Amino acid sequence: MGGFVVTCVDKEYYNGVKEVLLFLKMAVFHIKNQCSPAADETDPKDIQQQLKKEKEEMKKIEFTLLGGKRDSDILFIRNDTEYSEIEIYNMMISLTTRAEHVRRIIPVNSIFTYTMDNLLHETKKVCASIGLQESFRISLSKRLCSHVSSEYIITMVAAEIPRKVDLKTPDKVVMIEIVKDLCAIGALKPCPGNFNITRAPRKQ
């Protein structure tokens with residue numbers, strides 16, 4: 001299951017949850033509107049029906065917060081919509097110009113319970129999104145998980161990706177986020193603002 005890894009502003013966990021869920025829901029709402037035929041603005045009845053439908057859509061549970069509060073300001077949010085994480089992310093950054101409680105949002109291919117076996121299994125899936133001629137590097141963020149070394153994780157993951165390594169100008173960055181026993185992984189284009197939601201975000 002894919003989703004998003006979100007870094008909140010320090011001590012703004014609960015406000016960050018509210019803010020990022022609003023960002024994500026608005027992105028999905030706009031994607032749906034792009035795919036739906038426009039309502040006849042000359043017919044008030046149609047407008048009322050459309051507004052009612054939109055309110056019902058906004059109430060649907062489309063994203064699930066995983067793991068509860070994990071003694072950190074990192075959120076793992078599962079995407080339960082029919083749209084891909086990349087579609088939602090691209091729409092979200094096009095709509096968002098200001099964020100008070102959220103620093104960065106990373107779309108990921110998979111969120112799962114951390115074990116090395118699980119991580120290597122998901123790495124093989126992520127590898128498919130890196131072209132045969134593309135290069136990559138690994139970016140690992142690990143919190144509250146001191147029982148396994150970062151060097152060991154990077155070495156094991158890199159061994160599962162038969163592509164050229166480029167630490168300076170890679171075509172893709174394999175993002176790995178671990179907090180306690182939750183892990184997320186995704187392969188993305190490099191982002192100048194390190195996926196800061198308002199600082200030079202890059203469409204994927």
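Two strands are said to pair if DSSP finds at least two bridges between them, and helices (H or I, at least four residues) and strands (E, at least two) are DSSP runs numbered from the N terminus. In that sense strand S1 (residues 3-8) and S4 pair in the antiparallel sense over 6 bridges. This is a predicted model, in which local features need pLDDT of at least 70 and side-chain atom pairs count only at pLDDT 80 or more, while totals for chains, interfaces and linings use all residues. Residues are numbered from 1 along each chain as its sequence is written, and side-chain values use heavy atoms, with hydrogens and water left out.

**Domains**

- The domain assignment, whose bounds come from an automatic or database domain assignment, gives domain 1 (1-37 + 46-108) and domain 2 (110-193).
- The centres of domain 1 and domain 2, taken over C-alpha atoms, are separated by 23 Å, and their contact (heavy atoms within 4.5 Å) takes 19 residues from domain 1 and 15 residues from domain 2.

**The open antiparallel sheet and its helices**

- An open sheet is formed by 4 strands in the order S2-S3-S1-S4, with antiparallel pairing.
- Strand S2 (63-66) and strand S4 (102-108) stand at the edges with a single partner strand each, so one side of each is left without a neighbour in the sheet.
- From one strand to the next the twist averages 25°, where angles run from 0 to 180 degrees between N-to-C directions and axes are lines fitted to C-alpha atoms, for helices over the stretch in contact.
- Within the pairing of S1 and S4, Cys-8 stands opposite Val-102 in S4.
- Helix H1 (residues 13-35) packs on the sheet, touching S1, S2, strand S3 (74-79) and S4, and its direction makes about 30° with that of S3.
- Helix H3 (residues 85-95) also packs on the sheet, touching S1, S2, S3 and S4, and the direction of H3 makes about 150° with that of S4.

**Helix pairs**

- H1 and H3 pack at an angle of about 105° with their axes 8 Å apart, which makes H1 roughly perpendicular to H3; angles under 35 degrees count as roughly parallel, over 145 as roughly antiparallel, 65 to 115 as roughly perpendicular and the rest as oblique.
- In this contact Phe-23, Leu-24, Met-26, Ala-27, Val-28, His-30, Ile-31 and Gln-34 in H1 meet Glu-87, Ile-88, Met-91, Met-92 and Leu-95 in H3.
- By class, the contact of H1 with H3 has 10 nonpolar, 2 polar and 1 charged residues, where Ala, Val, Leu, Ile, Met, Phe, Trp, Tyr, Cys and Pro count as nonpolar, Asp, Glu, Lys and Arg as charged, and the others, Gly among them, as polar.
- Helix H4 (residues 116-127) and helix H5 (residues 150-159) have axes that come within 10 Å and cross at roughly 40°, and H4 and H5 are therefore oblique to each other.
- The contact is made by Met-116, Leu-119, Leu-120 and Thr-123 of H4 and by Tyr-152, Ile-153, Met-156 and Val-157 of H5, and by class it has 7 nonpolar, 1 polar and no charged residues.

**Parallel pairing of S6**

- Strand S6 (residues 135-143) pairs in the parallel sense with strand S7 (residues 164-165) over 2 bridges, and Val-165 in S7 is the bridge partner of Phe-136.
- S6 also pairs in the parallel sense with strand S8 (residues 172-179), over 8 bridges, and Val-173 in S8 is the bridge partner of Arg-137.
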